[in-house]
Amino acid sequence: MPKATRTRQGRRGGKNKRAEADGGPVEPEEERGSIGPRDDGGLKVPGTSGRRGTSRRGGTYEKGQEKLQRHTKIIKYEVPFPDHFAGWTRDGEMVKRMVKELWPTLPADLPNASNDPSLTLLIESQKPTETQRKAQGPGGGGAWLWDKLPAAEVAALEEDGAPKYLAMRWAECIPDETLKMLVRLWDTLNRLGVKFPDAELQRSGSPALHLGLWELYMDLAKITTDSRQTKLEKSAPKEEILAAIDALCRAVKERVVPRLERLMKRYVPEQQRVQERIHSRLAHRRAEQLTERPDMDFGGTFFTVAVKEGGSERIHIDWNDNLHKFALIFAAGDWEGGEFCIPQLGIWIPLRPGQVIAVRTRLLAHCTAPITSGRRVVFTCFTDSFLLEHTLSDKDYSIL
Ligand SMILES: [Fe+2]
């Protein structure tokens, strides 16, 4: 029996217990745990406590907080912490088999997490138990950091070493004008004949360009092959293509990253602190490469962006990500469909222009529902697990 099935036993809420007994998806406990007025009548919004601002009731700051509160919904699940794939190394077929067996509802038929596009969604589940934390599977890049790090460093990551949320959807994040600009720059790149790698068939039939830096299986991060277009002949078009890649990355860096950074600081500040530490190590160790291609440096909130047409329609785990880390996903264009499906949580999350989904892509199997009409260019911003682990084990750049 696969190790992962053990997490299906344990405490469940009544509604979810019934849903599971019926073989159906586990539904979110929609209102329970929603942010609401506290006993003292104040408003509690994650990451905002202690924030300075006018103390006058009804002032600008209070109004902003009230608006944020009205537009935030916390979805809490009574399911155990979803570590079904946590201990496994790369095995895409196993993921497909297990998803089919444990969550038979087709991803695209899952219930919608929310019909209200103006809501920020914060998705929580129970925290991992001690047993779950200690579970050692075949190991690999995605294993729990606290199995590898001294206790003091784990404690410094955050209170108990695990991010609070499994997934988030941030509403009204990226202006329309920026999305249009990104599509224009993407079209220029394609018109010039940018060279794509082969499609990663475990995810999708359409290829993605990976731009920026990563450290996959290396000791030190490198600018990705796609960013350098090494498969193209040295010629004038190549110079133009590299300039177009830089222009696209610069637009992401200048127009999108500051917004993502603010949201990461608000909702997962400890994670953002670790990201900044990775960035400071990388900026030092990769000084020369980054001087030549400064637009490949996204400032620390993430290090690589994968860009492609469509979506990743096949259920998969991103094995090179880390169990703790969020990938940030947004899309540009005008399309129908393409919702973000998470069978382990029994939901899909709508993703519309301007919104961003933050999700732990090494922890939760996921895919995109079919795009039924229109065009969608999707940007997935991520940090590979090697970058994270090498930074935490680099004495000069430890988090303490
Ligand atoms: Fe993915």
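This is a chat about the fold of one predicted model.

Visitor: Hi! What is the mean pLDDT of the protein chain here?

Guide: Hello! The model is predicted, and the mean pLDDT of the protein chain is 77. Of its residues, 74% reach 70 or more.

Visitor: Where does pLDDT stay under 50?

Guide: One such stretch is residues 1–56, for which the model has 79 contacts beyond four places in sequence. Residues 136–143 also have pLDDT below 50, and that stretch has 21 contacts beyond near neighbours in sequence.

Visitor: Okay, on to the fold. How many helices and strands are there in the protein chain?

Guide: The chain has 11 helices and 12 strands. It is 400 residues in length, and 42% of them count as buried.

Visitor: And what share of the contacts comes from residues 24 or more positions apart?

Guide: Taking contacts with a separation of 6 or more, 82% are between residues 24 or more positions apart.

Visitor: Nice. What is the strand order in the open sheet of nine strands?

Guide: The order is E1-E2-E3-E10-E7-E12-E6-E4-E5, and the pairing is mixed. E1 and strand E5 (222–223) are the edge strands, each pairing on one side only.

Visitor: I'm curious about E10. How many bridges join strand E7 to strand E10?

Guide: Three bridges do, and the two strands run antiparallel: E7 covers residues 327–337 and E10 covers residues 356–359. Leu328 stands opposite Ala358 in E10, while Ala327 has Val359 of E10 as its bridge partner.

Visitor: How many bridges does E10 make with strand E3?

Guide: Four, again in the antiparallel sense, with E3 spanning residues 167–170. There, Ala167 stands opposite Val359 in E10.

Visitor: Which residues cover the faces of E10, and are they buried or exposed?

Guide: They are all buried: Val356 and Ala358 on one side, Ile357 and Val359 on the other. As background, side chains in a regular strand alternate between the two faces of the sheet.

Visitor: Switching topic: what order do the strands take in the open sheet of three?

Guide: That order is E9-E8-E11, with antiparallel pairing. The edge strands, each pairing on one side only, are strand E9 (347–349) and strand E11 (367–368). Strand E8, residues 340–342, pairs with E11 over two bridges, and Phe340 stands opposite Thr368 in E11.

Visitor: Now a helix. Which residues of H3 are buried?

Guide: In helix H3, residues 92–102, the buried ones are Val95, Met98 and Val99. Seen down the axis of H3, these buried residues fall within an arc of 100 degrees, so they line one face of the helix.

Visitor: And what does the face turned away from the buried side carry?

Guide: That face of H3 carries the exposed residues Glu93, Arg97, Lys100 and Glu101.

Visitor: One more residue, Phe81. Where does Phe81 lie?

Guide: Phe81 lies in the loop between strand E1 (72–76) and H3.

Visitor: Why does Phe81 count as partly exposed?

Guide: Because Phe81 has 19 C-beta neighbours inside 10 Å, whereas a buried residue needs 20 or more.

Visitor: Which residues does Phe81 touch, leaving out those up to four places away in sequence?

Guide: Phe81 touches Ser125, Gln126, Lys127, Pro128, Thr129 and Gln132.

Visitor: What separates the C-alpha atoms of Phe81 and Leu166?

Guide: Those C-alpha atoms are separated by 9.3 Å, and the two residues are 85 residues apart along the chain.

Visitor: Great, thanks!

Terms used: Residues are numbered from 1 along each chain as its sequence is written. This is a predicted model: local features need pLDDT of at least 70, side-chain atom pairs count only at pLDDT 80 or more; totals for chains, interfaces and linings use all residues. Two strands pair if DSSP finds at least two bridges between them. pLDDT is the predictor's confidence in each residue, from 0 to 100. Two residues are in contact if their C-beta atoms, placed from the backbone, lie within 7 Å. A residue is buried if 20 or more other C-beta atoms lie within 10 Å of its own, exposed if 12 or fewer, and partly exposed in between; C-beta atoms are placed from the backbone. The arc is that of the directions from the helix axis to the C-beta atoms.
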